[in-house]
Every structure is written in C-alpha cells, then in structure tokens.
Amino acid sequence: MIKKLIKDAVIELLNNTSNKNKIGLITKKHEVKLHFVPVKYRVFGGLLQSLNIQFGNFIEVLIHKIVESEKNLEIIPHLSGKKNIKLSLTENTDSIIDKFISNSQNNTDDKLTEKFEKLLNDIIREQKQKVHLIENKHDIDCLFKDKKDKKYYYLEIKYNDDHDTGKFVDINRKFIKTYAGLVKELKINDINDLKPILYYFNYKRMKGNIYVPEKNYISRGSDLFNKFFSIRYEDLDGYLKEVSEDKEIIEIFDNLYKKIRYDE
C-alpha cells in the first residue's frame with residue numbers, strides 16, 4: 001500500500017511539474033535575467049527545485065497516511081493535515097514565546113530542556129485565559145492521539161534540517177505558536193497531555209537547535225517510526241529508492257528534459 005502511494009504521488013508531482021503553464025511561467029521569469037547559464041537549463045533546474053519543495057509537502061502527506069493506517073493511533077481529522085486553521089493565542093502567550101525566541105538567541109547554556117518545558121507550562125497557564133486573544137492561521141502538519149496512553153502528539157514535519165538562519169528561526173517560532181494554539185483548541189491542562197515534536201525525515205543535522213531541545217522534542221529519521229509506527233523506516237527508505245529507479249519515473253524525467261531542451 002505504502003509503495004503504491006509513494007509511486008502514485010511521485011508521478012502526480014512530476015505530471016504537475018511538466019504542465020506547460022508552469023514551464024511557461026518559469027521560462028518568462030528566467031528570460032528577463034542576465035546569466036551565463038542558458039535559459040533552458042535554468043528552467044529545468046527551476047523545475048527540479050520545485051519538485052524538491054513539493055516532495056517536502058509529500059512527506060507531510062505520507063506521514064499523515066501512515067498515522068491513519070496505525071490501529072493504535074487516532075488522527076484528529078478536523079485539525080491534522082489542514083492548512084490555514086484559525087488558532088487563538090492570548091497576547092501574553094504570544095509575547096512570552098517571542099521573548100523566549102529572542103532570549104534563546106543570546107543564550108547557549110545547557111539548560112534548554114528546563115527552559116523549554118517551563119515555556120510549555122507557561123503557555124498552558126496563559127492559554128486558559130479567555131481575554132486579549134490574537135487569532136492567526138496555522139498549518140498543522142500532523143496531530144494524532146495514542147489510544148493507549150491517551151496523549152496527543154503534534155508533529156511539525158520537515159524533509160531536511162537545512163534551512164537558512166532566518167527561516168530556521170521562523171520554523172521554531174511557528175512550531176511553538178502552533179503548539180500554543182492547539183493547547184487552547186484541545187483544552188490541554190497538563191504538559192504531558194500534548195507533546196510537540198519537530199520531525200526531520202532525514203538524519204542530516206545542519207546545526208544545533210537553540211530553541212527546541214534535541215532530546216524528547218526533536219525526532220529524526222527512524223526515531224519516529226520506532227516509537228509509533230509498525231512500518232519500518234528502512235522499508236520506506238527502500239521504497240523511495242525503488243521509485244527513484246523505476247523505469248516509468250525515469251522516462252517521465254527524460255521526457256520533461258526533452259520538452260524543455262528541444263521544445264517538444
């Protein structure tokens with residue numbers, strides 16, 4: 001099932017990428033730029049970059065589907081995998097999160113876990129208030145409940161830990177603020193009832209996280225699979241490699257290149 005899901009999704013991504021309108025838009029963008037690399041090669045590179053971005057989105061969908069297939073886990077359907085969901089933060093909650101992010105940039109001591117868990121407790125306390133609310137839209141990558149321990153788990157899913165400094169700050173800020181919004185939405189009263197996890201599909205680590213503790217709140221590669229899923233990460237990795245070498249997939253890539261290089 002997972003293997004077919006992966007292949008079908010990749011074919012859909014490739015077909016969307018080879019859309020004439022998309023190629024035309026990228027071509028117009030590059031035609032007005034001075035560059036020593038020929039336009040057609042820049043267009044092809046742009047399409048490959050678009051595929052990389054879309055594949056990151058596909059990983060979110062894939063993890064969501066895997067959670068749905070697990071008999072011991074329960075997806076929260078009205079929130080999980082949804083985009084632009086309105087969540088409320090009190091003004092104090094918003095302020096203490098921003099302050100935490102700012103302070104973390106200037107502090108590299110070894111008490112990050114202690115400070116982070118204090119922040120989570122402060123968020124739970126402040127989110128019980130019903131006044132001075134700020135409502136913003138949030139993307140919720142994956143939210144599920146473990147039927148055994150009755151706890152909620154919120155996943156912020158990233159393909160790679162390779163974001164630049166500015167975006168890295170935004171990812172962590174968004175991660176914490178989405179957690180805060182879910183605290184109010186789910187009426188969480190205890191830090192153990194909702195666990196936020198920043199999950200990287202690959203093991204690559206660009207740098208240490210100064211905002212979220214690596215232990216307990218960041219998961220990489222097979223860690224998430226070993227803890228929650230019956231499917232093995234190694235099997236999924238194998239499926240992805242098989243799909244990348246599939247004759248049908250390679251042919252689509254070859255045809256995409258010909259379409260751009262030779263205007264076919």
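Predicted model: local features only at pLDDT ≥ 70, side-chain atom pairs only at ≥ 80, totals over all residues.

## Stop 1: Lys115

Select Lys115, which is partly exposed, with a relative accessible area of 33%. That label sits between two others: buried means under 20% relative accessible area and exposed means over 50%, using a 1.4 Å probe and protein chains only. Lys115 belongs to helix H5, residues 112–126. Helices (H or I, at least four residues) and strands (E, at least two) are DSSP runs, numbered from the N terminus.

Residues are numbered from 1 along each chain as its sequence is written, and side-chain values use heavy atoms, with hydrogens and water left out.

## Stop 2: the sheet

Color the strands next. You'll find an open sheet of 5 strands in the order E1-E4-E5-E6-E7, with mixed pairing. Strand E1 (73–75) and strand E7 (218–220) are at the edges with a single partner strand each, so one side of each has no neighbour in the sheet. Two strands count as paired if DSSP finds at least two bridges between them.

Start at E1, which pairs with E4 in the antiparallel sense over 3 bridges. Pick Leu73 and look across to Asp146 in E4, which stands opposite. Strand E4 itself (residues 142–146) is mostly covered, with 4 of its 5 residues buried.

Step on to E5: E4 and E5 are antiparallel too, over 4 bridges, and Cys142 stands opposite Leu155 in E5. The two strands form a hairpin with 5 residues between them, and Lys150 in the turn has a positive phi of about 65°.

Which way does E5 run relative to E6, parallel or antiparallel? Strand E5 (residues 152–158) and strand E6 (residues 194–200) run parallel, joined by 7 bridges. Select Leu155 again, and this time find Ile197 opposite it in E6.

## Stop 3: the core

Which residues have the most contacts inside the largest nonpolar core? Select Ile123, Leu143, Ile176, Leu182 and Leu194; the core has 37 residues. Helix H6 (165–185) is among the elements that give two or more residues to this core, as are H5, E5 and E6. H6 gives the most, with 9 residues. A nonpolar core here is a set of buried Ala, Val, Leu, Ile, Met, Phe, Trp, Tyr and Cys residues joined through side-chain atoms within 4.5 Å.

## Stop 4

Go to helix H9 (residues 233–244) and show Tyr233, Leu236, Leu240 and Val243, which are buried. Look down the axis of H9: its buried residues fall within an arc of 85°, so they line one face of the helix. The arc is that of the directions from the helix axis to the C-beta atoms. An α-helix has 3.6 residues a turn, so residues three or four places apart point the same way.

Last, helix H10 (residues 247–261), where the buried residues are Ile249, Ile252, Leu256 and Ile260. These cover an arc of only 65° around the axis, which puts them on the same side of H10. Finish at Asp246, which caps the N-terminal end of H10: one of its side-chain oxygens lies 2.8 Å from the backbone nitrogen of Glu248.

Notes. Polar contact = N/O pair within 3.5 Å; in protein donor to acceptor, adjacent residues only side chain to side chain.
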